[in-house]
Amino acid sequence: MSEVPRTHPRYASLMTREKLVEGVGRGITGLNGLIAQGRGEALDYLIGEVTTAPAMEAERAAAAMLLLAEGPVLSVNGNAAALVPKEMVALANKIGAPLEVNIFYRTEERVKKIADLLRGLGAGTVYGDEPDAQIPGLDHARAKAARGGIYDADVVFVPLEDGDRCEALVKMGKRVITVDLNPLSRTARTSTVTIVDNVVRALPNLISLVDEMAGQDEAELRRLLEGYDNRAVLRRSVEEMISHLTHQFSALDG
């Protein structure tokens, strides 16, 4: 990685970029992932690069859903593998869930590298390098899935934007949790729970919430989920963006 001084005002953002560039060099992240990161970073500016109140509400609902799930699976793509691999493994281990590598620009070499990375970080079960099922309604590589993994899961956690597969999974009857900085995307509007937050903040938050909520009564977790309204959370996420921009323009006038 390049030397980025901690005193730099954009240190966190620059380090995120460096991790993705390193991921490309290691054959984990595709070049297209850099474009996706740039789009996400622009949207992160709009919420002030913080975890907003609606994002935290979604993260709490996501933690409850993962704890209640009978067969949760965490999906990992190239960007997630570069940015939050340790956190993905930690979350999977805490809830006893397998991980499954699923990437759009699929090569078997890249899938294997991501799977090996996760296993090297202590993951228990990692699927994806030997898919034996197809997600109905998809005509590209992301249709590949594993029995015992995403194909049989009741809850799928997708840490980064994935519109058509999200729709297909919901049509299969699965509940889908996504992290997507665009509250207007197809992913955001289709998911059961949408976390409008940066994945580098969302994963540590989820890990902490799972720890905090693990001892709660199952009925209490179900009540939390029953009171969750994803459309309302998305609406409030847009309002957060508007409020932040209004404040920034007011500061310019002042």
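Is the crossing of α3 and α9 left-handed or right-handed? The crossing is right-handed. The views below come from a predicted model.

**View 1. Helices α3 and α9 pack against each other.** Helix α3 covers residues 53-68, and helix α9 covers residues 199-213. Their axes lie 9 Å apart, at an angle of about 55 degrees. The two helices are therefore oblique to each other. From α3, the contact takes in Met-56, Glu-59, Arg-60, Ala-62, Ala-63, Ala-64 and Leu-67. These meet Ala-202, Asn-205, Leu-206, Leu-209, Val-210, Glu-212 and Met-213 of α9.

**View 2. An open sheet is built from 6 strands.** The strand order is β3-β2-β1-β6-β7-β8, and the pairing is parallel. At the edges stand β3 (126-127) and β8 (193-195). Each has a single partner strand, so one side of each has no neighbour in the sheet. Helix α6 (residues 108-120) packs on the sheet and touches β1, β2 and β3. The direction of α6 makes about 160 degrees with that of β2.

**View 3. Strand β1 pairs with β2 and with β6.** Strand β1 spans residues 72-76. It is joined to β2 (residues 99-101) by 3 bridges, and the two run parallel. Here Val-76 has Val-101 of β2 as its bridge partner. Strands β1 and β6 also pair in the parallel sense, over 3 bridges. Pro-72 stands opposite Val-155 in β6.

**View 4. Strand β6 is covered on both faces.** This strand runs over residues 155-158. Val-155 and Phe-157 are buried on one side. Val-156 and Val-158 are buried on the other. Strand β6 is joined to β7 (residues 175-179) by 4 bridges, and these strands run parallel. Val-156 has Val-176 of β7 as its bridge partner.

**View 5. Helix α5 has buried residues along one face.** The helix covers residues 85-95. Its buried residues are Pro-85, Met-88, Val-89, Leu-91, Ala-92 and Ile-95. Down the axis of α5, they fall within an arc of 165 degrees, so they line one face of the helix. Gly-96 follows α5, and its phi is positive, near 65 degrees.

**View 6. Glu-41 is a buried residue of helix α2.** Helix α2 spans residues 31-46. Is Glu-41 buried or exposed? Its relative accessibility is 12%, so Glu-41 counts as buried, the cut-off being under 20%. Leaving aside residues up to four places away in sequence, Glu-41 touches Ser-13 and Arg-17.

Conventions
Residues are numbered from 1 along each chain as its sequence is written. This is a predicted model: local features need pLDDT of at least 70, side-chain atom pairs count only at pLDDT 80 or more; totals for chains, interfaces and linings use all residues. Side-chain values use heavy atoms; hydrogens and water are left out. Buried means under 20% relative accessible area, exposed over 50%, partly exposed in between (1.4 Å probe, protein chains only). The arc is that of the directions from the helix axis to the C-beta atoms. Two strands pair if DSSP finds at least two bridges between them. Axes are lines fitted to C-alpha atoms, for helices over the stretch in contact, and angles run from 0 to 180 degrees between N-to-C directions. Angles under 35 degrees count as roughly parallel, over 145 as roughly antiparallel, 65 to 115 as roughly perpendicular and the rest as oblique. A crossing is left-handed if the near helix is turned anticlockwise from the far one by less than a right angle, and right-handed if clockwise. Contact means heavy atoms within 4.5 Å.
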